[in-house]
Amino acid sequence: MQLNIKNTFTQNLPADPVLENTRRQVKSACFSYVTPKSTSQPEMLHVSRAMAKALGITEADISSQTFLDIFSGQKVLESTKPYAMCYGGHQFGNWAGQLGDGRAINLFEIEHDDKHWTVQLKGAGETPYSRTADGLAVLRSSIREYLCSEAMFHLGVPTTRALTLALSGDDVLRDMLYDGNAAYEKGAIVTRVAPSFLRFGSFEIFAARQDHKTLKTLVDYTIKHHYPHLGQPSKATYIKFFAEVSHRTLEMIIHWQRVGFVHGVMNTDNMSILGLTIDYGPYGWLEGFDFGWTPNTTDSQHKRYRYGNQPNIGLWNLYQLANALYPLIEDTVPLEDILETYKSNFEKKSLDMMRSKLGLAQNDDQDHILIQNLEDALLLTETDMTLFFRNLSNFKKGDGPKGLEVVKDAFYVPNDIADSIAQQWRDWFKAYDSRLENELLSDEERKVKMNATNPKYVLRNYMAQLAIDDANNGDYKRIDELFQLLKQPYAEQPEHEKWFAKRPDWARHKVGCSMLSCSS
């Protein structure tokens, strides 16, 4: 493989001087050199051709032994030195101290077509940051990460990407639900790709240790290589940096809310400094519209990371980043102003997003009431979010009394739609129909716009679980079926209509479909 390799991160940031791969507190360093664990019998299960092309990897490369060796951790590419990053983080609202890449190993950086990429293996073995874990990953979690990374990209959601999914050939011991029932599962490795894997926690760790020298080095590096348009590092530039990170974080979360994605574990070590969705663990997609839903069993009691709270958690995490950057700025006022701007922008952007989902191109001062009444109606009975908004595009002006018929397939228990619930829906469709009279778009034009905003296909947990169940039995065809489906989430794809359906009853309480842990 002829790749345009760069070592920007390791050449510009302080390295851990200790080379032994032992668990330890790593001080005054942004990373530690580490070698991936050799696997017994690696097998490449799937490759994202689009991502490979973006990296300058050819079809001939993909079919080579070298490709398998590099992206399964068997061999290290010549003239590269893999490393794991040091960072800390707030987990479920509490400072957890040093965390770091416990099962991620960065292989190298690539520049291609004027874009910069960091290439990383997840599940390739222990690092100094693994704590008590083995640094490995299992097939089920790897399938979920691989499929979702690319699915989110095609949905138009800012995200890290995935290049490959490989079996390691080794079994891995996991306690899936942390209930004492550990079992061996197939081991796997995902190759993840992003311009950078720096997180909020990358900066927090140095602020917490009052290592302001390394903090400044890292912030200056980040601005120079990922935010160069902000100018040379200075206090004013640090403020602009925080403002842009805040803006990107909000943009990402608005997209999550738009498509019904719940991250599940929005710890500060899982927040990208570039505003990308990162670390696909116990994520989930809303089946029934529910602000209180979280897919993470670890969070089932307090529901800190529930769907409706994601914008608030984004703000809370930005507060922690502001605290980390404060030693370089020494002025709270501009930071507080930026956080206030996040709040006001969320209200505006959320309203605009919901208008787009409803096909409203014009602004009306009463739209927030229409939207609030819709959300109230959606909560009356279990209503599939994806089906509802997609089918709503079939509504035609003047058909207010027929509205319920248009969206009936979205209701999990159609018999519930009677009496007062039906009346509330009829009232809403009457108001919606009246509101559409103010719109200039024809029914067909509005449908096209709505269908470009409301996906027809998302990676529902039961779909991923079907692929996982097949893969555990040695059948990997469904991985590709879903991968191809999710490359065009807004297209009709009549040959895949079976995936445009409510969650089946068998998946309601099945592990992997409704219950996921941080090891998922």
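# Exercises on cavities, cores and salt bridges

By class, six nonpolar, four polar and two charged residues make up the lining of the largest cavity. Here Ala, Val, Leu, Ile, Met, Phe, Trp, Tyr, Cys and Pro count as nonpolar, Asp, Glu, Lys and Arg as charged, and the others, Gly among them, as polar. The model is predicted, so local features need pLDDT of at least 70 and side-chain atom pairs count only at pLDDT 80 or more, while totals for chains, interfaces and linings use all residues. Residues are numbered from 1 along each chain as its sequence is written, and side-chain values use heavy atoms, with hydrogens and water left out.

## Exercise 1

Identify the residues and elements that line the largest cavity.

**Solution.** 

1. A cavity is a set of points, on a 1 Å grid over the protein atoms alone, where a 1.4 Å probe fits but cannot get out; lining residues have an atom within 4 Å of a point.
2. The lining consists of Lys 37, Ser 38, Thr 39, Gly 123, Ala 124, Leu 136, Ala 137, Ser 168, Asp 170, Val 172, Ala 188 and Ile 189.
3. Strand S10 (161–174) and strand S11 (183–194) are the elements that give two or more residues to this lining. The largest share, three residues, comes from S10. Helices (H or I, at least four residues) and strands (E, at least two) are DSSP runs, numbered from the N terminus.

## Exercise 2

Describe the largest nonpolar core and the surroundings of Leu 358.

**Solution.** 

1. A nonpolar core is a set of buried Ala, Val, Leu, Ile, Met, Phe, Trp, Tyr and Cys residues joined through side-chain atoms within 4.5 Å. Buried means under 20% relative accessible area, exposed over 50%, and partly exposed in between (1.4 Å probe, protein chains only).
2. The largest core has 125 residues, and those with the most contacts inside it are Trp 285, Leu 358, Leu 392, Trp 425, Tyr 432 and Leu 459. Helix H8 (residues 235–259) supplies the largest share of this core, ten residues.
3. Residues up to four places away in sequence aside, Leu 358 touches Leu 370, Ile 371, Leu 374, Phe 389, Leu 392, Trp 428, Tyr 432, Arg 446 and Met 450. Contact means heavy atoms within 4.5 Å.

## Exercise 3

**Solution.** 

1. A salt bridge is a side-chain nitrogen of Lys or Arg within 4 Å of a carboxyl oxygen of Asp or Glu. The structure holds 33 of them.
2. Glu 340 is partly exposed at 42% relative accessibility, and Lys 343 is partly exposed at 34%.
3. Asp 384 lies in the loop between helix H11 (367–378) and helix H12 (385–392), and Arg 460 in the loop between helix H15 (443–451) and helix H16 (461–472), so the pair ties together parts that are 76 residues apart in sequence.
4. Asp 384 is buried, at 0% relative accessible area, and Arg 460 is buried at 1% relative accessibility.

Notes
1 Å grid on protein atoms, 1.4 Å probe; cavity = no way out; pocket = protein on both sides within 12 Å on 5 of 7 lines; lining within 4 Å.
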